[in-house]
Structure formats: C-alpha cells, structure tokens
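Here are my notes for someone opening this structure for the first time. Have the sequence and the model side by side as you read.

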Amino acid sequence: MTEWQRTDETGVQRSAASTVGIGFLGCGTVGAEAVRILQNRSEEILRRTGVALEVRRVAVRDLSRDRDVPLPADAFTSDPLLVVQDPRVDLVVEVIGGIDPANFLLTEALKAGKPVVTANKELMAKFGPELLELAESAGVDILFEAAVGGGIPIIRPVTESLAGESARRIIAILNGTTNYILTRMTEDGVDLAEVLADAQRLGYAEADPTADIDGHDAAQKAAILASLAFGTRVHDEDVYREGIRDVRAHDVEMAARLGYVVKLVAIADLVPWADTFGVAVRVHPAMIPLTHPLASVRLSFNAIFLEGESVGELMFYGRGAGAGPTAVGLVGDVIDAARNLRQQARGPHLPLPATCPIVPIEDVHSHFYVRLEVADEPGVLSGVAGVFGRHEVSIQKVLQEGRAEDAELVLVTHRGREADVRATLRELVSLTAVKRLAAVFRVINGEEESSFS
Ligand SMILES: NC(=O)c1ccc[n+]([C@@H]2O[C@H](COP(=O)([O-])OP(=O)(O)OC[C@H]3O[C@@H](n4cnc5c(N)ncnc54)[C@H](OP(=O)(O)O)[C@@H]3O)[C@@H](O)[C@H]2O)c1
C-alpha cells in the first residue's frame, strides 16, 4: 500500500489519487444541497458505488453569504473560470443557470477534458446538441438528469434503459408551478389570478412567473426530452408554445362536466409528414380524460407518460423541482460521471443529428374544445356546424348552454388538422350570431390511438 492508500473506518480502501475532485459553479438552492449530500454522505457513496468524491472548489457571486455547507472558506471563489481551470478539479458541476457564462464555462471544461454535470434546462434546450457533440469529441461525459423532471429519473431511462425501444409519443407534465395552479383552479373553482397570488405567497411561484405561466420552462424540458427520445435535434425554438394565462375557471369547470381535467402538457410525437416522419413538439394547456394516468398528477408534481412501440405505456412520476429532489438527480450524475472518469469509460453516446424535420403546429392533428358566446336565436347551431363542415373538421359533441345574454355553444371536435381548425375559428368569429370566441383547448382523447394509427 502506498502512502496515499489507506483503509478507512468503513473497511473500504481509499486512495487520494483515485478521489475525484469536484468543482461547483454555483452554490444556491440546488448547488448547496448537492454539496451537502456529496460531503456528508461521501463514505456511504464510496461504499455503495466505489467512487470517492470530494468537493474542492465552489464559485458563487457573493462571497460574503453563508452557504451552510461543510466546506472551508477558501474553497470559495467569485471567479468561476478558476474552478474550471483548477488542476484539483476533475469534474465540473454547473448550477449557475442561464446561458452566460454557463455555456462558456462548460465549453471550457469539456475542451479541457473534464466531464460536466448540469441541471441547466435553458442551456441544454438551446445548446444541448452542440455541447453533446463537444463532449463526444473530447471523449468525456456531459450528464443532465436534473435538467428535466428534477428528482425524477427520466434522462437515463430514455437514453439507456429504453435504448432498444422506439418511442412513439411522450405526454408530460413538466412544470410544477402551473400544475399547482391548475389543480387549485380545478379543485377549488377559483380563477388563475387568485391562485397565482397564493402560489407566490407560498413560494411555489416566482415573483416573475413568466417562465412558468407562459410555458417557457416546460418548452425547454420538452425540447430536451424530444431530442433524446427521438434521437434528433430539437431546440427550444422548435417547440410550439402556449401558456396558461387564458385558462378560465369556467372552462376548467366545463372540462370536468365533459369528463376532462385541464393540464399544461408537453407533447412530442413522431408523425408521418411530407413523405417522411417528422417530430412535432408542443406545450399548451389541454383537456385530458379523467381516466388518463396524467389526470391524477396533482399540485406541484410532474410526470412523464411515454408510449413505446414494444414496451407500451410507461409513466415516471415525482417532484420535478426543489432543492432536495433536484440535488439527488444531480448527485446521481456526479457519481456516474466520476466512475466513468476513473474507469476511462464513457456514458451513453448521444449524437443528435438533425435527422427528423420539425413538424409545424399547423400540420399537427388534435381534437379541439371550442366555446363560443352566441346570440340566443334559432339557426345558430346549424350556421356554426356549417362552418366546421366547410373546413372538414367534424364535430364529436355539442353542448348548448345558458340563455339570452349568457347563451353559449361548446363543441368538441374529432381529430382535425390545426390549420383547418384555425381557418374554422377565423370564419366563425365573422358570423353575426357568434359574439365571441371565448375559449379553445386541444383535447387528448382517451380512445385515441398513437400517431402511427
Ligand atoms: N431550483 C430548482 O428547484 C431547480 C430544479 C431543476 C433545475 N434547476 C436548475 O438548476 C440551476 C440552479 O438553480 P438554483 O435554483 O439553484 O439557482 P440559484 O439558487 O439562483 O443559484 C445560482 C447560484 O449560481 C451562482 N452564480 C450565478 N451567477 C454566477 C456567476 N457569474 N459566477 C459565479 N457564481 C454565479 C449564485 O451565486 P450567489 O449565491 O452568490 O448569487 C448562486 O449560488 C438552474 O439551471 C435551474 O434551472 C433548479
């Protein structure tokens, strides 16, 4: 045994040279919790995985703030590049967030042959394919389990466990804040503004809720998932996006009467398009049948429902954010990347060529719920039905509601092409009997077969 080898109190032989030095970029909500897990549970991690890990350097903006982590003060620096360049740092964990300087720092780390672990969905959704390519040529890992679904293992199952499977479709609830808001609207019958104010007070929603409410956060995660599930390049700007700002309590209640619940969903599927197959990825509120497994995903929970050709239906459920769950996902990646580094191995190879075209939303087929405020007079329904018919959108169900000033028509369509439904809506609002197009939702039909049918 050389002088740097010893047997520790757990009976495990340790060697200083085989300890993997970790550098953290950021020590905020997620970073501080991950540092605590790695430092406080290092013996157990070593015993269970054979990997000795040590956090050696941490970059933060404000050096004066107490981080409540078991590290000496001189481990901290306000220059993140020093962490990347530190020769005692073998592996870089990025929990700064955003594009700059995260992208530059990770690029520098990969170029220096240091594996990278990140929780940064924004970065991976914008530059993921390019960073994966760089990692590939540098021969090191870039792992990002915590970037989608926080504590839910989904990246590893999709890229490794299901590597032999052809994914057909993913429907997912990827944003806890909007799911919390929609659950409260459904269960308490209140409007969005009221729940949002409550959610902000309880810390479930940010002071500026744009990223959640307008679907940006879910769209970033959808781009990452779609890329991996279908093995093609999907960037966040390829994802069609609508948020929940226009969801009204009245439609949430109407959904329940029709046997649905309103959720903000991310949908990615492979569809026949322009003589080939394309990937259609979108984030929008949708009515989901109460019998669908995703309908039972309440409050701030997330879930990913995946349909595969051979495996059938799978669902992954759990906490999609929060310090603890996200840090656990991050630490799992750190252990994997460290083990690979020591064994001079690599994690999954994820080349993402731009093989599949992105299908524009106009060519996506969905069922629709349409609510119209109408004049309370004879012949309105036949006029409205005629417009649907002219655009080859067939009606599945009609409800006539209210009287006089409150008269409205609620229609649910069979599967129709988005462009045809939009043309229908444009013509409907030009009818004198139609006072207002009050709401439109896409509907996920429980009976519907996958896009291949
Ligand atoms: N929070 C969650 O539940 C969650 C869930 C899933 C994924 N994520 C992702 O995890 C990442 C981190 O999120 P978070 O909630 O932990 O963020 P956070 O609490 O704001 O922490 C960010 C950390 O980065 C440091 N930092 C920022 N810019 C820096 C710079 N230029 N140089 C050095 N340090 C810098 C900050 O330093 P100071 O502390 O000094 O300001 C802070 O320690 C993001 O990509 C986020 O999307 C978060």
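1. A word on terms before we start: two strands pair if DSSP finds at least two bridges between them. Helices (H or I, at least four residues) and strands (E, at least two) are DSSP runs, numbered from the N terminus. Please keep in mind that this is a predicted model, where local features need pLDDT of at least 70, side-chain atom pairs count only at pLDDT 80 or more, and totals for chains, interfaces and linings use all residues. Residues are numbered from 1 along each chain as its sequence is written.

2. Let's begin with strand β3 (residues 20-25). Six bridges join β3 to strand β4 (residues 53-59), and the two run parallel.

3. Six strands make up an open sheet with parallel pairing, and the order is β5-β4-β3-β6-β7-β8. At the edges sit β5 (76-77) and β8 (142-143), each of which pairs on one side only. β3 is mostly covered, as five of its six residues are buried; a residue counts as buried if 20 or more other C-beta atoms lie within 10 Å of its own, exposed if 12 or fewer, and partly exposed in between, with C-beta atoms placed from the backbone.

4. Now look at helix α1. The helix lies across β3, β4 and β6 (91-94), and runs at about 155 degrees to β4. For that angle, axes are lines fitted to C-alpha atoms, for helices over the stretch in contact, and angles run from 0 to 180 degrees between N-to-C directions. Contact between two residues means that their C-beta atoms, placed from the backbone, lie within 7 Å.

5. Which helix gives the most to the shell around the ligand? That is α1 (residues 29-40), with three residues. There are 24 residues around the ligand, and Gly-26, Gly-28, Arg-61, Gly-97 and Ala-321 come nearest. A residue is near a molecule if its C-beta atom, placed from the backbone, lies within 6 Å of it. Sorted by class, the shell holds 11 nonpolar, nine polar and four charged residues. The classes put Ala, Val, Leu, Ile, Met, Phe, Trp, Tyr, Cys and Pro under nonpolar, Asp, Glu, Lys and Arg under charged, and the others, Gly among them, under polar.

6. The largest nonpolar core has 136 residues, of which Ala-172, Ala-222, Leu-225, Val-279 and Val-334 touch the most other members. Helix α10 (residues 216-230) gives the most to this core, with 10 residues. A nonpolar core here is a set of buried Ala, Val, Leu, Ile, Met, Phe, Trp, Tyr and Cys residues joined through C-beta atoms within 7 Å. Leaving aside neighbours within four places in sequence, Val-279 has contacts that include Ala-226, Phe-230, Leu-270 and Ile-358.

7. With strand β12 (residues 276-289), the pairing is parallel over two bridges, and Ala-286 has Arg-442 of β19 as its bridge partner. With strand β15 (residues 365-374), the pairing is antiparallel over eight bridges, and there Leu-372 is partnered by Leu-437.

8. Is Leu-411 buried or exposed? Leu-411 is buried, because 22 other C-beta atoms lie within 10 Å. This residue sits in strand β17 (residues 408-413). Its contacts, neighbours within four places in sequence aside, are Val-370, Ile-395 and Val-398. Leu-411 and Arg-371 are 40 residues apart along the chain, yet their C-alpha atoms are separated by 6.5 Å.

9. Finally, a few backbone details to check. The peptide bond from Asp-100 to Pro-101 is cis, with omega near 5 degrees, and Pro-101 lies in the loop between β6 and α4 (102-111). In the loop between β11 (260-273) and β12 you'll find Ala-274, which has a positive phi of about 45 degrees although it is not a glycine. Asp-275, in the loop between β11 and β12, is not a glycine either and has a positive phi of about 65 degrees. Ala-274 is exposed, with 9 other C-beta atoms within 10 Å, and Asp-275 counts as exposed because it has 5 C-beta neighbours inside 10 Å.
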